[in-house]
Amino acid sequence: MFRTILIANRGEIACRVIRTARRMGIRTVAVFSEADRDALHVRMADEAWYIGRAPARESYLLGDAIIAAAKRAGAEAIHPGYGFLSENAEFAGACMADGIVFIGPPPAAIRAMGSKSAAKALMEKAGVKLVPGYHGAEQDPGFLQAQAETIGYPVLIKASAGGGGKGMRVVENPVDFAAALEVAQGEARASFGDDRVLIERYLTRPRHIEIQVFADTHGNIVHLFERDCSIQRRHQKVIEEAPAPGMDAARRAAMGQAACEAARAIGYVGAGTVEFIAEGDDFFFMEMNTRLQVEHPVTEMITGQDLVEWQLRVAAGEELPSRQQQISLTGHAIEARVYAEDPARDWMPSTGVLNHLRPPQTGPHIRLDTGVRAGDAISVHYDPMIAKLIAWGEDRDAALRHLATALDDYEVAGVRTNLPLLRRIAVEPEFQAGAVDTGFLGRHPRLLAATEDTPPALAFAAALATLLAEGGVANPPGDPHSPWGLANAWRLNGAGYQDLLLRAGAEAHEARVFPGTGGAFTLQLGRARHEILRPEPGTLILDGVRRRIAVARSGDAFTVLADGGSWTVELVDKLHPKTEDRAGGDLLTAPMPGRVVRLLAEPGSEVTRGAVMLVLEAMKVQMRLTAPCDGVVEAVRVAEGDLVEEGAELIRFRPPD
Ligand code: MV4
């Protein structure tokens, strides 16, 4: 077994691998970029090496720098995690060439599965079922149309070089085929530089079911049952679970066997996932992933196995720790991916500092895999995952109850998250009934809605109680003696009160506060009056009901987390409106941190509202920013290549001459 391994990754998966390695008595070496100097995985490792600047292409994707760090640190093996270089055959080969074990499959197996169409051809040869269709080299339009007739409509035209849902086009009727083919080929040529397509029968309500396989270097291959990953948004998994709802033992055995045959067909070694698309009793090979998947914890929770330990043992030349008949399935596990993303901005990454972070308690029913702590920043450079929350129960209903409660207890402030979406899914009757397929979220658009619910009285009460406890209204920083700092609302006649203006999202709320004794106060919102007491931080008594609350303050903005919800309430200083109240008028500001990758605005040029002024990139997401008004470009504050913070002024306009 290895004495020292290097983890060529970051975030939750790096922390996760380090935990297992430490349990096995193996020393760990982390690598980090400029942005991760103080990251959790760096703290957890026995030693850590700087490998470059924040952008992944200047750090975590630099294979040579990673191998050099491994050699200097005396690491015998490298664990790639997932993403980054985990499926890079050249990197795997370079490790081996330098006498360092790559903890993963042989480069040849990575290459074999790298091309979707080549992978399908290999699987077909191995007897693994494919979706009925045509995957050949003939691309004559008439020939392809005849294939479509044979398959039967509706058919799906897919770019052979495509993947992840890119370059797919559904054709319902023969009359539409020729035009659709032309468009699909054009898109494939533009996107992938390869206009070859394949034609398949279109499955209208498919499920994504994948089988975890494991192979060692002694010819042993097993499967560790299936995972259902059908709850996806734009081909990004949101919820994964094991076993698949409604799966029977016979079908599980058949899929498991097919997956093992697929692995054997390519001489696989290590952890692998064979993805199937399933409909009714049918299941068809989709692709094979040659890495440990993000969602592997649900398999670990129902089998009691540690798949990273298996990876380390297999990479060290040991036999698989278990034979097929020794692997059993117990209970049900469901994973929710907790992301820093903003539903109100089309789920764009929401970067910022986690100024409040209180995950749910872990235990026999709840596992949390995370790579961040309170105070850490969610960076613009990497995947904005906060954690994976995994719930286990004796059956699916129990697992779902544990998940829903844990999601309600998960407190995050400082960034927007997808927690509201996850909470809604967990209590959605159709999901609770196990009716999962890839169209689920499409059928329930309200789950994805970015409704900024009007905060309940509890949120206003908690914010004001915190404000009063911390010294009163609009306490200007650094001026404790300012008359604005008084919170006693003393009046010459009548009950003392203080009128405040609070903003929540786009709504403004008038509030009247009548301070009482001992920190108690009465809050009037509209016609309703509430009695409030904050006996200690973290507790609020509202109209006699005592609740646990959390309040994260950033200046005059209070994020209140309670009852599984979170709301941001901001005290508005009527005399000093914030600059963002002006943006959208004559200013173009950055909606998120990122890099200016295209700049089209020129000082002095006339623009019309909606014209693209520049393109901002963050975490592979490109956003076109447009002129907020008709006018003339007065000043351009940035240049191509600049990194900008959220809210930064980019371009200033003046009215048209
Ligand atoms: C399909 C399909 C329906 N019929 N193939 C999407 C990405 C790629 N992995 C394959 N995908 C699909 N292929 C046929 N013949 C529907 C999808 C699909 C999908 C598949 C799995 C998981 C999520 C999906 C979301 C949308 C579409």
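Helices (H or I, at least four residues) and strands (E, at least two) are taken as DSSP runs, numbered from the N terminus. On this basis, the protein, examined here as a predicted model, contains 17 helices and 40 strands.

The overall dimensions were considered next. Along the principal axes, the C-alpha atoms occupy a box of roughly 90 × 65 × 55 Å.

Five strands form an open sheet in the order β3-β2-β1-β4-β5, and the pairing is parallel. The edges of this sheet are taken by β3 (47-52) and β5 (101-102); each has a single partner strand, so one side of each lacks a neighbour in the sheet. In general, the strands of a sheet pair through backbone hydrogen bonds, in either a parallel or an antiparallel manner.

Antiparallel pairing is found for strand β34 (residues 594-599). Four bridges connect β34 to β36 (residues 612-618), and the two strands run antiparallel. In this pair, L599 lies opposite L614 of β36. Strand β34 is also joined to β39 (residues 643-644), by two bridges and again in the antiparallel sense. Here R595 is the residue that stands opposite L643 of β39. In a regular strand, side chains alternate between the two faces of the sheet.

Helix packing was examined for α12 (residues 396-409) and α13 (residues 419-426). The axes of these helices come within 9 Å and cross at roughly 150°. Since angles over 145 degrees count as roughly antiparallel, α12 is therefore roughly antiparallel to α13. The crossing of the two helices is left-handed. On the α12 side, the contact involves L400, A404, L407 and D408, which meet L419, L422, R423 and A426 of α13. By residue class, this contact comprises six nonpolar residues, two charged residues and no polar ones.

Definitions and conventions: Residues numbered from 1 in each chain as written. Predicted model: local features only at pLDDT ≥ 70, side-chain atom pairs only at ≥ 80, totals over all residues. Heavy atoms only, no water. Axes fitted to C-alpha atoms, helices over the stretch in contact; angles between N-to-C directions. Parallel < 35°, antiparallel > 145°, perpendicular 65-115°, else oblique. Left-handed = near helix turned anticlockwise from the far one by under 90°. Contact = heavy atoms within 4.5 Å. Nonpolar A, V, L, I, M, F, W, Y, C, P; charged D, E, K, R; others polar. Pairing = 2+ DSSP bridges.
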